[in-house]
Amino acid sequence: MTCTFLAILGLQLFLLVLSWGADGFEVQPVQIPQLDFSEIGRVAFIGDFEALSLYQYTERSSNASAPSGNGGQSILQQLPNGDLVELAEANGPIEHVGAFVMHDGTYGGTIVVGNFTAIAGIPAEGIAMFNTTSRTVSPMPGLSGPIFTLLMDGEDRNTFYVGGDFSAANSGNVLAWVGTSGWASLPFGGFNGPVNSIAKLSDGSLAFGGSFDNLLNRSIAANISALFQGNSTELSGLFGFNPSASTEGGRSAAVTRTKLDPGAVVNDLVSYNNSLFVAGAFQSRDIHNIFVIENDTSIALSGGGLNARVNTLYLAQDLLFAGGDFTDTANKTTGNLSHVAVYSILDQNWQALGAGVNGPISHLNPLEFIITPGSAPEIVVVVNGDFNQLQEFGNNSMASVDGLGIWVPSANNWLQNIAIDQQAFHGQLSSCSTNISAAQETDLICAGTLSSYGLRASSAIGLITDTSQNLELVTLGLQTKSSNGSGAATGLFYSENGLNLTIIAGQFIAEASDKSVVQNLAFINNTDNPEIVSGMNSDFGSNFSIQSLATQSTILYAGGVLAGKVKNQNVEGIFAYNLSEHDFSVSQPPALEGNVVEVKAMKIKPQGSQLYVGGSFAKAGLIDCPSVCVYDTASQNWSRPGTELSGSVTYLTWTDDETLIAAGNIAVGGVSYSLATFYVPDGEWTPFREDQPIPGQITAMSPTGSRGQDTPSGSAGWSSDSAGFWIAGTYPNSSAFLMKWGNDTWLPVNQDFGNPSKITGVEVVSLDQDTAGNEFLDSGRILVLTGSMNLPQAGNASATLFNGTYVWPLVLTTGADGSPGSLSQMFSEQETYFAPAPDPKGTVVAIAVAVIAVLISIIIIGEVSEICRRHWLGRKGYGLLPRRTET
């Protein structure tokens, strides 16, 4: 099946900042220029990372959602693409967040409560009002101590209630905030112990749960005692109150009548229709740690409740999720309820979440997530606690985690077990609730240390354009288990001789499709079936690395730091591998020699069979051949290109069919230089212009992407009309520089790359529409930079775009420890050489032909279905990242 996607869309090379969520939480989408990969084919990034995402919103910088590690928690907002970003950080735990909307619809702000003394550096003890639009913090003084729970009652009473372990002027551990008036004590004066939860029942009454046994207003306590509890005034962790009642302290009979054993602790309350679910640590006859109050009666749940403490509840329609210390029902009737379970209110039975986890659960919260690409987001349950395993069940093996599990109700499974591209999360989620902004827009606002890093992928990732020419990240089928070095360093696509391979190399460990170990060289075979991963069997030891790849016919050449025996031949620095036979070639290049042997760069001569190999070495086989040596893949012999070059070569690139440029710590004729050129017909190395010194060490090099119009292919020299090239490097202070050679001079890019920054890849890419050219780029071109770049307002970016005027982020990456990762390079099916700019007449004809072709294509093709696109992607070996649907 063949799928064709055509689109003509407008291009803007600026950051187009738009408002999303006026008057509420505002995000600023970034309009990414539409790239055209038709000239270069498939595209991928490689590097050292565990997760990555496109830079789609200005709020999503590399450090926007990363926890500070100081023990505090943050106010979090979910972006339309599913990423979480930090709005403000508190210096301690945040227990609850919620929107305060009053009876007349007035938005009073987002209320944040917890055990902190400041938010965003603004002093605020235990509670503050946060404006999600301006991101300003307003303290709400009047109490001292931590707040554990928050109940919104604004639409009925213009009030919200807080409970905790605090003191106030006329109340203890519970307090009300009324409209714009401020704090108000409740008639019963509060409690003599902490309040952990507050719930509102359908009749308007309130229920308070915690670790208390009396009211602070003794007269009301005695009154309640006479009515419901004989001579005892103990409340045992549960009390009901109706603010609308005018007698007897406004008690709620159904709740207050419930008598738990002394010492009972109520941790959480959930109201459901006319019922109240009560959870904590208590026992009373047939009730164990959880029960329901229904029609003025306390009723045990199925199985007598749960066999140990319940810490938290979350209600999703008619399903009640519970987390805690338990492992089964009290009567041991269900099994697999290891610390987390769900109770069907309609069916009145307990159900397992897989087989649970191996440690206590502390928090359960909702979060939106797209499970099926192209579908609407659905609510998942974020499970946090002190555990490190999702237990094995059914066909799902045990999964190692770090206190975080995400349960997908629609799939009845953990997200970690579902065969989709995974979003990478880390941390804890202490609270999530619906936030209603001043514009009456709703979204989830959360709190905790939960960070989202984008697509879970390591070492390699594909980049495609979708049906609307928007960029998407797609998996390639390789997931490294652990890195024993710097991750992936190089890669290539091979689609000749009936094969469809993606080859990734560097210093890493991965797992093959047959569960064997893949070390430093991975083959992803999409020839017959998608994403079959395999490696090679070698005796190179455990410390070798591969830094460069090249192919000629069906032979793959790999260079780096390596030594061993292959087919009974000594190899060092470079080896040959037969892709058709999936085995080492029978004939290997004679070993390189030297005090240090390291191959860093390899390039096949255009229109030729000669492999130019650069690095650190002194000999190749029996011949003296330092720095750069030529291996003729036809005759299988080494030869030395010129006699003037020495030193260590880091980069090689062809600027035309006959001119090679080398960069590194090199010397020509014994004189040190950073750059030198080799013109093949003359057989000589020439120092590059050093009258304009290069300001630091070169870390990347690439052709500009076009030749001068008047310079034929193969001409020598570097005149003002000849082809230019790009270099990037690092200054002595570890910041980065970017320069273009053109018109007989260096053109520096005036961009502030912060310290530290390193650019390791420079590639010229086409845009899908022509744009005005400038001194740096031809019309319709843009520059893609890879590495680790600190940008002033966006933080660390691993891939950026440069349009001749601005540099802005394209891809953000995250390492295994949550710190920014890096991308070593972008590679594609075809080298990024471009023909000279066409003359105006040719342009007119080309545009006319293109327009006709597009019109015909539109008539024939119509709207191409998503199924067709995914079929094509599957054949290419791509997997899609789920995206949140924007409506």
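Predicted model: local features only at pLDDT ≥ 70, side-chain atom pairs only at ≥ 80, totals over all residues.

I begin with the open sheet. Eight strands form it, in the order S1-S63-S64-S65-S66-S3-S37-S34, and the pairing is antiparallel. At the edges stand strand S1, residues 35-36, and strand S34, residues 423-426; each has a single partner strand, so one side of each is left without a neighbour in the sheet. Within this sheet, I would draw your attention to one pairing. Strand S3, residues 51-54, and strand S66, residues 807-814, are joined by four bridges in the antiparallel sense. There, Ser-53 is set opposite Leu-812 of S66.

Let us turn to strand S2. Is this strand largely enclosed or left open by the rest of the structure? Of its six residues, 43-48, five are buried, so strand S2 is largely enclosed. Strand S2 runs antiparallel to strand S38, residues 460-465, and four bridges join the two. In that pairing, Phe-45 lies opposite Ile-461 of S38. Strand S2 also pairs with strand S67, residues 822-828, again in the antiparallel sense, over six bridges. Here Asp-48 has Ser-822 of S67 as its bridge partner.

In soluble globular proteins, nonpolar side chains tend to be buried together. Which residues touch the most other members of the largest nonpolar core? That core has 26 residues, and those with the most such contacts are Phe-37, Phe-45, Ile-461, Leu-463, Leu-471, Leu-810 and Val-811. Strand S66 supplies the largest share of this core, three residues. Consider Leu-810 in particular: beyond its neighbours within four places in sequence, Leu-810 is in contact with Ile-32, Phe-45, Ser-53, Leu-54, Tyr-55, Leu-471, Ala-799, Thr-800 and Leu-801. Apart from this core lies another, of 24 residues, which includes Val-30, Leu-738, Ile-759 and Leu-783.

The third topic is the aromatic rings. A pair of aromatic rings is described by the distance of the centres and the angle of the planes. How many aromatic pairs does a search of the whole structure find? The search finds 37. One of them joins Phe-188 and Phe-241, with 5.1 Å from centre to centre and 75° between the planes, an edge-to-face arrangement. This pair links distant parts of the chain, 53 residues apart: Phe-188 belongs to the loop between strand S16 (182-184) and strand S17 (195-200), while Phe-241 belongs to strand S19, residues 238-241. Phe-188 is buried, at a relative accessible area of 0%, and Phe-241 also counts as buried, at 4%. A further pair is formed by Trp-741 and Trp-746; their ring centres are 5.2 Å apart and their planes stand at 70°, so this pair is edge-to-face. Both Trp-741 and Trp-746 are buried. Returning to the phenylalanines, ring pairs join Phe-188, Phe-191, Phe-208, Phe-212, Phe-239 and Phe-241 into a cluster.

Is Asn-413 buried or exposed? Its relative accessibility is 10%, and as buried means under 20%, Asn-413 counts as buried. The side chains of Asn-413 and Asn-396 are joined by a polar contact of 3.3 Å. Leaving out residues up to four places away in sequence, Asn-413 touches Phe-393, Asn-396, Ile-406, Trp-407, Val-408 and Ile-418. Thank you for your attention.

Key: Residues numbered from 1 in each chain as written. Heavy atoms only, no water. Pairing = 2+ DSSP bridges. Buried < 20%, exposed > 50% of the residue type's maximum accessible area, 1.4 Å probe, protein only. Core = buried A, V, L, I, M, F, W, Y, C linked by side-chain atoms within 4.5 Å. Contact = heavy atoms within 4.5 Å. Phe/Tyr/Trp six-rings, centres within 6.5 Å; stacked < 30°, edge-to-face > 60°. Polar contact = N/O pair within 3.5 Å; in protein donor to acceptor, adjacent residues only side chain to side chain.
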